[in-house]
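Here is a short report on one protein model. It covers pockets and a sheet.

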Amino acid sequence: MMKELSPAHTLIKRLSLLSLLALLWPVLSQAQDITNPVWTRDWPDPTVWFGDDGRYHCIATNPTRSIVSDDLFHWEMSNVAPIDIESWGKMQAVAQRFWAPDVASVAGKRNLYLTLYNSAEDSNIGVFQEYAPGQFRYVGIITSSKETGIHDTIDPEVVTDPKTKKVWLFFGSVGGIHRVELTKDGLSLKEGAKYEHVAGLKVEQNPDRSQVFEGSYLHKHGKYWYLFVSSGFFGDHTYQLRVGRAKKLTDVFLDRDGRRMDEGFATTVLHSDKGDRFYGPGHCGEIFTAKDGNEYLFYHCHVQGSRNPNSRPLFLARIQWDKEGWPYCPSSEGEAGKPQLHPVF
């Protein structure tokens, strides 16, 4: 006859089970191993979105092809051309170089924003709208440096404020990062919209580009909006990923020390040193939560010794948030086990 356990023994067994789970939890919730680059071909200025097909999609500068993934960590080339031939003809009537795409959901539809570039004085942000899964058709030009005088009207980032429902375009580089309001569908400027300088110095104010920001990306975490930017020379180890935050999209963004981003200050998230195999991390391409429960950040980076020294493949880093709500990359491993990029705590 089996002896019935007393309430005290039952409690001890339950506590033992909880203790065992507590010990196992760090193992069970361990982050996915990353083999960087996660896409080895040249893939600068990436933008990533979760498609209606339940897969992740990514395009980059000069978006002639797209890549897809089921898990964020393993990618393959798709057979979808993201922009149709007729749209390419319209784009090429405006500019000859096409940089830094941003795919954003606006008013229930998916829009693509793209830099159409000839020169700093002749640069534009164009908008496209999805007409089939992962395929976009040219709509027109949203803003042009020839009209605004804002040099390097590049690197668009569009975000909808869930509280106000207002749609904002952030963009810019050597002329400073600016913010301007769009219409509800995100296809044009709102009537009477004003351009506001929100981050970075002009290149003549800061020749080494350490406080010249570009590659805007907005991410909401907790009670703050985080503005991720890149600074330094994109072709060498000085390029790095930095951040500031504000409680509202229309507030002044501040770095960790309370200094203003529109005065050239930001907090470093990820950087490299001269001589590192992987160098020049930058141009944040979205943050996602993977199936392992951890958050991951996309960016591009150079690889020392590449046949093409200008190649910037697609990289992925785990990102966490400290007790004060600031993002950091807890480990620079996952590149075959050898630390190559230096996280900042």
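The second largest pocket is lined by 17 residues, and nearest its centre lie Trp-99, Ile-154, Glu-214, Phe-234 and Arg-312. This is a predicted model: local features need pLDDT of at least 70, side-chain atom pairs count only at pLDDT 80 or more, and totals for chains, interfaces and linings use all residues. Residues are numbered from 1 along each chain as its sequence is written, and side-chain values use heavy atoms, with hydrogens and water left out.

A pocket is an open set of points on a 1 Å grid over the protein atoms alone, where a 1.4 Å probe fits, with protein on both sides within 12 Å along at least five of seven lines; lining residues have an atom within 4 Å of a point. Volume is the space filled by probe spheres set on the points.

| Pocket | Volume |
|---|---|
| Largest pocket | about 410 Å³ |
| Second largest pocket | about 340 Å³ |

The largest pocket has 20 lining residues; Val-103, Ala-104, Ser-105, Val-158 and Glu-286 are the closest to its centre. Strand E5 gives the largest share of this lining, five residues. Strands (E) are DSSP runs of at least two residues, and helices (H or I) of at least four, numbered from the N terminus.

E5 also belongs to an open antiparallel sheet, ordered E5-E6-E7-E8. E5 (97-106) and E8 (135-144) are its edge strands, each pairing on one side only. Two strands pair if DSSP finds at least two bridges between them. E5 and E6 (residues 109-119) pair over eight bridges. Ala-104 has Asn-111 in E6 as its bridge partner.
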